[in-house]
Amino acid sequence: MASAEGFAAVFYSEPGVLGLLGNVVSAFLLCLQNFTVATTGLGPRVAEQILAGIHLILIGGFVQLLAGFLAFRKYDHLGGAAFLTFSALWSSYGVTRVLSAAYPENTTLPSGNASQLLDAGTAPLSASQSAVAGLVAYIAISLILSFCSATVNYIMPFIFGAITLALAFEAVALFTDWALVVSGVLELGIVLCGLYGAVALLLKGITQRYVLPGFGHPLFNVLLLGSAQKSSSKALGEEKKKNTKYAEPMALGNICDTVSPFIFAFYFFGYMKTFCVGAAWISIISSCQLLSSFYSYLRGDGYHTTKFGVHSLFWLVMSWEEFVLTAFLGLPMAQDSRLGMFGAWFFLATACLLFLMSIHKDTLEMLQNASFIVLTSAFVHQIPLSGARPFLGAACSLCTALSLYATFASLINSIGEKVLIPVGPQAVSSSALQAVLGALKARLSRSKDVPSGTGAAVPDALFYICNGLAAAAAIQDRLGEPGRQQLSIPSVLIPGALGQLFVCRIQVRGGKRFGSVLPFCYAVFWGAWTWLRLAGHLLDIGAGNTEGFTAGSIAFLVLNAFLVILASSFNMVLLCLTLAMELLTICFLLFTVENLPLPFEIVVLSIVSVICFYGATASLTNCMFGKDLLMVGPPLLTVQSSKEDREDPLPCVCPRSHLTSGLRTIAELLNTGAVCGVPTDTVYALAASCKHPEAIEKVYRIKDRPQEKPICIFISNLEQLRAAAPPISPLLWEFMENVYPGGIGCIIRKGEWLKKLGVGAGYSRVGTQDSIMIRVPDLTVLVHLIDMTGPLAITSANPSGEADSTHHDMVISRLGHKLEGVLCDGESDEVVASTVVNCTKIDESGIIIVREGCIPAGKVMQIFERAKSRVV
């Protein structure tokens with residue numbers, strides 16, 4: 001049974017079939033076209049180019065887009081990143097075919113202004129030749145995907161490798177015809193390998209076993225690429241449990257941060273003279289980056305939701321600004337117009353915010369954010385455009401190099417579920433950063449008891465950033481300047497309208513009803529602002545025909561007044577933003593009646609930007625750490641109710657742990673086959689009696705846990721294990737005596753001795769077929785409970801893939817309606833789960849740290865070395 005949030009990953013079939021077939025059909029289409037051109041010597045006609053482009057968009061693009069969605073849902077890191085990447089590739093190449101049919105033979109866009117950017121005697125490239133920058137970027141990405149896929153199976157490396165070579169010769173074929181034949185042969189190889197791979201995966205999905213070879217066994221073991229860092233948990237950055245509900249989207253986000261700056265670098269170094277094709281390619285890949293932001297949200301990752309969302313908006317805004325510049329304005333006119341634009345400064349401030357929020361993460365993440373600061377600095381509009389181009393090209397090149405390495409590292413580390421490719425240590429620990437922020441909050445509030453408002457949801461920071469970007473970009477120091485207005489359209493429209501619609505979609509997905517109203521209403525507002533204030537001269541809207549906007553602004557004033565009242569029940573920052581938007585609506589109304597005091601509007605827009613930046617900072621900080629570290633202010637209005645109305649009935653039995661009667665109540669429930677939440681010496685867990693296999697099955701349904709993820713057992717003391725007489729070596733006994741009781745779980749070989757331990761009918765539902773993890777908790781309450789029930793099947797008390805529960809209130813609110821009882825014991829002793837150690841080959845090759853948790857890996861290795869020395 002699936003939860004309301006969707007099916008578990010195990011229920012999805014093989015999306016790789018769709019993905020591979022999308023590549024097959026796209027490659028076959030290009031193969032036929034290339035062979036036709038090579039044999040006849042005639043280029044494709046306009047209709048053929050348009051049809052080929054449409055087919056590439058529909059089949060190579062949309063089919064693989066669907067495959068990527070399903071691959072992410074199936075917890076397939078490589079498949080999700082690869083299929084969405086190739087979806088963007090074929091869609092971009094299809095758009096290029098359509099554009100090359102519309103503007104053949106070295107033509108420019110109809111305005112003709114692009115010629116002002118060209119050197120004397122230099123002809124602009126055709127639309128198809130301008131795509132070489134995107135092709136080269138995807139060649140590098142395809143090469144990385146080919147190498148990474150070799151650690152998973154030995155069919156995809158040949159497919160992705162053939163795509164890499166085919167793209168290389170497609171790029172050469174843009175300038176000479178001899179490469180068409182080579183490219184066609186390689187595309188034929190893609191077709192054959194892809195068809196075989198699709199059939200193999202289809203049969204595997206039907207029969208639930210590998211019928212044809214090629215999948216299930218990699219070319220080489222991913223662990224050969226390096227070794228996990230074992231020095232300390234600090235080397236791994238912020239340690240978190242694996243999220244098994246959705247695949248990790250970091251690789252996809254880094255791929256997007258590779259392609260976009262690479263195309264910009266080509267442009268700024270002078271290899272592309274117009275940005276029509278570049279804007280199309282960046283728009284498509286930036287849409288994929290929005291998907292990486294969306295999947296980060298589904299994983300509850302506020303930091304990457306914000307980061308990838310901001311990066312996507314940045315590439316979209318800057319690419320369409322360059323398109324407007326090259327297609328409509330030209331360099332001399334643009335330089336004067338850019339001086340009064342301030343949107344890039346908000347991007348720079350946001351880049352600095354992301355850098356500060358990443359100082360407790362790994363070094364590579366910090367370097368990426370530092371390069372983004374350099375990049376946003378280079379794009380500041382007050383820098384002279386003619387002299388800034390080499391600097392812009394160098395900044396884009398630096399961003400490309402770091403993102404390319406991050407793509408490789410994130411893919412390999414995700415596949416291996418270990419830090420195999422070094423990413424560097426964290427500069428500051430999470431606890432130290434939280435302490436600094438907490439001290440800052442205490443100093444500002446002058447009291448630790450001042451209410452700080454409601455907790456921040458994941459997309460709140462992105463909501464504030466979209467409004468802040470639009471407000472900063474909307475500042476105009478004079479009215480009636482067409483060039484500046486035209487150049488400002490992308491800066492206001494993309495974050496203010498399109499970006500907020502994305503935030504609205506996230507809020508709806510999260511069930512935030514009022515939260516989705518705000519971004520939707522403000523998206524409409526910024527869309528109307530762009531339509532009238534910035535594009536009015538293009539649409540012949542001016543004095544005498546703005547009555548509709550006047551009526552609309554009055555209606556929005558009334559609507560926003562209700563939003564102000566609703567916001568007052570949330571927090572002060574949101575209230576201040578809605579009040580500032582009310583003033584901004586008044587400015588819009590005054591503009592429609594031609595009575596606007598421009599300085600007043602500039603001040604209001606600046607205030608909106610400042611409020612939004614603080615709101616983004618506070619929301620991102622509070623969301624990342626799960627605490628109100630920065631104040632957003634208490635709600636101004638609260639709904640008063642009687643005590644009976646305020647106290648909601650508990651969804652299950654919730655006795656206190658310090659009461660003997662409470663312990664007996666939970667024990668009786670467990671002995672009758674119930675599933676209960678219990679405290680442990682680390683974080684809260686779900687417990688089921690090993691005597692009731694149906695209760696263990698229920699645990700999987702409650703958590704929406706993939707069936708392939710095993711469940712461990714807890715016993716009360718090591719003497720119980722000795723009584724069962726398992727075949728354990730003296731070294732393993734010595735190691736267990738040193739780690740039990742405590743926050744370390746040992747994976748040992750499974751056997752019939754488990755039934756003597758008291759596992760009983762649940763033997764086949766705990767552990768794997770060959771091994772099982774056993775732990776002795778260091779918590780008196782839980783030990784007494786196990787003595788009353790026998791061994792318990794235990795797993796963390798959180799929906800699969802979400803953060804651990806560190807208080808009984810979290811268990812009750814998240815899973816209480818699915819449980820029969822929760823043993824309430826207040827705050828947990830730890831904030832992360834236990835450390836898991838594989839001891840199945842302890843005598844041959846030592847121990848392996850499967851998951852580093854509350855006990856650092858370095859300490860575990862010290863215990864093992866001490867145990868080994870004693871046995872020897």
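The following dialogue reads selected features of a predicted model.

Biologist: How many helices and strands does the protein have?

Modeller: In this predicted model, the protein has 30 helices and nine strands. Of its 872 residues, 59% count as buried.

Biologist: Among contacts between residues at least 6 apart in sequence, what percentage join residues at least 24 apart?

Modeller: Among those contacts, 76% join residues at least 24 apart.

Biologist: How are two packed helices described?

Modeller: Two packed helices are described by the distance between their axes and by the angle between those axes. Consider helix α12, residues 343–357, and helix α13, residues 363–378: their axes come within 9 Å and cross at roughly 170°. The crossing angle therefore makes α12 roughly antiparallel to α13.

Biologist: Which residues of α12 and α13 make the contact?

Modeller: From α12, the contact is made by Phe 347, Leu 348, Ala 351, Cys 352, Leu 354 and Phe 355. From α13, Met 366, Asn 369, Ala 370, Phe 372, Ile 373, Thr 376 and Ser 377 take part. By class, the contact of α12 with α13 has 10 nonpolar residues, three polar residues and no charged residues.

Biologist: At what angle do α19 and α20 pack?

Modeller: Helices α19 and α20 pack at an angle of about 170°, and their axes are 9 Å apart. This angle makes α19 roughly antiparallel to α20. On the α19 side, the residues in the contact include Phe 549, Ser 553, Phe 556, Asn 560 and Val 564. On the α20 side, they include Leu 574, Thr 578, Glu 582, Thr 585 and Phe 588. The residues of the contact of α19 with α20 divide into 15 nonpolar, six polar and one charged.

Biologist: Is Phe 556 buried or exposed?

Modeller: Phe 556, which is found in helix α19, counts as buried because its relative accessibility is 10%, under the 20% cut-off. Leaving out residues up to four places away in sequence, Phe 556 touches Cys 521, Tyr 522, Phe 525 and Thr 585. The C-alpha atoms of Phe 556 and Thr 585 are separated by 7.3 Å, although the two residues are 29 residues apart along the chain.

Biologist: With which residues is Ser 516 in contact, leaving aside its neighbours within four places in sequence?

Modeller: Ser 516 lies in helix α18. With those neighbours left aside, Ser 516 is in contact with Cys 504, Gln 507 and Val 508. Ser 516 counts as buried, at 12% relative accessibility.

Biologist: Let us consider the backbone. Which residues does a cis peptide bond join?

Modeller: A cis peptide bond joins Tyr 740 and Pro 741, with omega of about -10°. Pro 741 is found in the loop between α26 (730–739) and β4 (744–749).

Biologist: Where does Asp 540 lie, and what is its phi?

Modeller: Asp 540 lies in the loop between α18 (513–534) and α19 (547–567). Its phi is positive, about 60°, although Asp 540 is not a glycine. At 65% relative accessibility, Asp 540 counts as exposed.

Biologist: Where is Glu 594 found, and is Glu 594 buried or exposed?

Modeller: Glu 594 is found in the loop between α20 (572–592) and α21 (598–625). Glu 594 is exposed, with a relative accessible area of 58%. Phi of Glu 594 is near 60°, a positive value in a residue other than glycine.

Definitions and conventions: Residues are numbered from 1 along each chain as its sequence is written. This is a predicted model: local features need pLDDT of at least 70, side-chain atom pairs count only at pLDDT 80 or more; totals for chains, interfaces and linings use all residues. Side-chain values use heavy atoms; hydrogens and water are left out. Axes are lines fitted to C-alpha atoms, for helices over the stretch in contact, and angles run from 0 to 180 degrees between N-to-C directions. Helices (H or I, at least four residues) and strands (E, at least two) are DSSP runs, numbered from the N terminus. Angles under 35 degrees count as roughly parallel, over 145 as roughly antiparallel, 65 to 115 as roughly perpendicular and the rest as oblique. Contact means heavy atoms within 4.5 Å. Ala, Val, Leu, Ile, Met, Phe, Trp, Tyr, Cys and Pro count as nonpolar, Asp, Glu, Lys and Arg as charged, and the others, Gly among them, as polar. Buried means under 20% relative accessible area, exposed over 50%, partly exposed in between (1.4 Å probe, protein chains only).
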